[in-house]
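Keep the structure open while you read.

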Amino acid sequence: MNQYDVTVIGSGPGGYVAAIRCAQLGFKTAIIEKYDTLGGTCLNVGCIPSKALLDSTEHFHNAGHTFKEHGIELSDLQINMNQLIDRKNGVVKANVDGIQFLMKKNKIDVIKGVGSFVDKNHISIVPREGGEAQQIETKNVIIATGSKPTVLPFIAQDKERIITSTEALNIREVPKHMIVIGGGVIGLEMASVYARLGAKVSVVEFMDSLIPTMDRGLGKELKRILGKIGIEFFLSHKVTGATRNGDTVTVTATNPKGEEVKFEGDYCLVAVGRVPYTAGLNLEAAGVQMEERGRIKVDEHLQTNVPGIYAIGDVIRGAMLAHKAEEEGVFVAERIAGQKPHVNYLLIPGVVYTWPEVAGVGYTEEQLKEQGRAYKTGSFPFRASGRARASMDLDGFVKVLADKETDEILGVHMIGPRIADLIAEAVTAMEFRASAEDVARMSHAHPTYAEAMKEACLAATENRAIHM
Ligand code: FAD
């Protein structure tokens with residue numbers, strides 16, 4: 001029987017990063033993945049394919065809308081859905097092949113099949129399509145089995161017309177009318193993809209705001225901007241059912257007045273969140289305890305109630321984000337090696353890859369109010385940025401929240417061009433506990449979108465923004 005220092009179950013961004021860090025630290029490491037390709041949700045049916053489609057459709061949308069103003073005239077603009085999806089598949093393949101290469105480079109044993117506990121130190125692996133099981137022995141286990149889309153019990157998803165994000169990444173036609181249930185990150189990214197392709201898109205959301213976990217100002221601005229590409233929003237609507245009849249889907253909901261409303265379309269995307277995935281792990285055999293909402297219970301060191309068994313990523317509490325899973329993967333590997341690592345959960349940024357992009361880190365204004373903390377704000381709109389004017393990306397703003405007394409930056413919330421990358425500056429500043437004035441006094445290259453961060457910090461310092 002093969003023996004390992006560490007066995008990782010699941011090869012998503014949590015699992016494969018944990019495996020690489022374990023190998024770097026000198027542990028004999030195995031990684032178990034039930035699917036044929038490595039990379040988990042993120043690389044196969046999440047972050048990467050969705051961004052590939054967002055990039056392609058952004059080009060298409062711009063070609064049809066803003067190119068003319070740049071003096072680029074096109075005739076007979078067409079979308080080739082097969083090429084669009086094939087390119088996306090190529091991007092996914094290049095990424096998952098890259099993970100396979102990294103496993104080899106780091107001498108990590110990759111074992112394909114469903115991993116399940118025999119006991120605390122033994123894992124059995126059965127090929128997904130059936131066949132002979134193999135068993136390995138291990139000193140430590142890192143569970144990184146991720147999540148799957150939430151299913152609404154009153155909606156029968158047939159995965160053809162009533163679909164999850166996984167199927168929404170593979171539609172080889174432009175829908176006539178896509179009804180998206182859920183105005184969170186995944187729902188809005190996919191809504192953007194199909195609206196840019198010319199589909200009518202209706203987003204039906206239970207809450208009274210989009211992306212409700214982010215700073216409220218962002219959801220409001222995003223709704224206004226996405227409305228301009230034709231997406232219709234139905235907030236405070238409680239979906240009560242969705243049925244399919246041939247190629248037609250009907251979604252029923254209760255509107256804020258308590259009346260029943262109906263939406264008819266050809267696709268319904270259910271994007272109401274994700275739930276931790278632990279099926280088939282046989283956690284009972286190792287005595288691993290769960291907590292509410294199907295999550296694996298862990299302590300502050302991400303160890304379960306069983307010494308030597310850890311859990312990371314979407315399968316435990318916290319934001320369901322790839323970079324959060326990655327940080328936890330490194331954290332656990334270093335804990336096993338006896339180091340004292342740290343994850344600053346306050347500084348895990350949240351990003352929405354619509355156009356404009358949306359990003360936030362630290363406390364929201366709502367959280368600061370709830371805490372009763374004295375704070376000041378500084379905002380800068382992209383319409384006052386020379387760089388944004390050059391690229392015609394005038395929507396959005398950067399908002400900085402800083403402590404009223406000390407000027408320490410407490411939160412940064414942005415909506416605008418390329419701010420998925422710009423949020424890294426806010427994370428860096430906050431990790432070093434910068435004040436708004438610290439950032440305001442740093443040189444930012446001109447003309448860049450990043451100047452909006454400097455200007456918002458100037459505004460937060462003493463209302464000293466220069467270009468506003
Ligand atoms: P996963 O990536 O879910 O990986 C878990 C792996 O474990 C899977 O490969 C699964 O097959 C395997 N597994 C499960 N059980 C077993 C078993 N018993 N034996 C063997 N293998 C098993 N996050 C971002 O940060 N940025 C984004 O832009 C982003 N976009 C997204 C877009 C979409 C459409 C979706 C659905 C998600 C997106 N996410 C994004 C979320 C991100 O994908 C997840 O947070 C991330 O993948 C979680 O990583 P993980 O390692 O915990 O689990």
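In what order do the five strands of the open sheet run? The order is E18-E19-E22-E21-E20, and the pairing is antiparallel. Note that this is a predicted model.

## The five-strand sheet

Two strands sit at the edges: E18 (350–352) and E20 (375–381). Each of them pairs on one side only. On average, neighbouring strands of this sheet are turned by 10° against each other, direction ignored.

E18 pairs with E19 (residues 357–362) over three bridges, in the antiparallel sense. Follow Val351 across to E19, and its bridge partner there is Ala359.

## The helix across the sheet

Helix H14 covers residues 451–462.

## The three-strand sheet

A second open sheet has three strands, in the order E12-E13-E14. Here too the pairing is antiparallel. The edges are E12 (238–245) and E14 (260–265), and each pairs on one side only. Neighbouring strands of this sheet are turned by 20° against each other on average, direction ignored.

Look at E12 and E13 (residues 248–254). Seven bridges join these antiparallel strands. Val239 gives one place to check: its bridge partner in E13 is Ala253.

## Background

Strands of a sheet pair through backbone hydrogen bonds, in either a parallel or an antiparallel way.

Technical notes. Residues numbered from 1 in each chain as written. Predicted model: local features only at pLDDT ≥ 70, side-chain atom pairs only at ≥ 80, totals over all residues. Pairing = 2+ DSSP bridges. Helix = DSSP H or I, 4+ residues; strand = E, 2+ residues; numbered from the N terminus. Axes fitted to C-alpha atoms, helices over the stretch in contact; angles between N-to-C directions. Contact = placed C-beta atoms within 7 Å.
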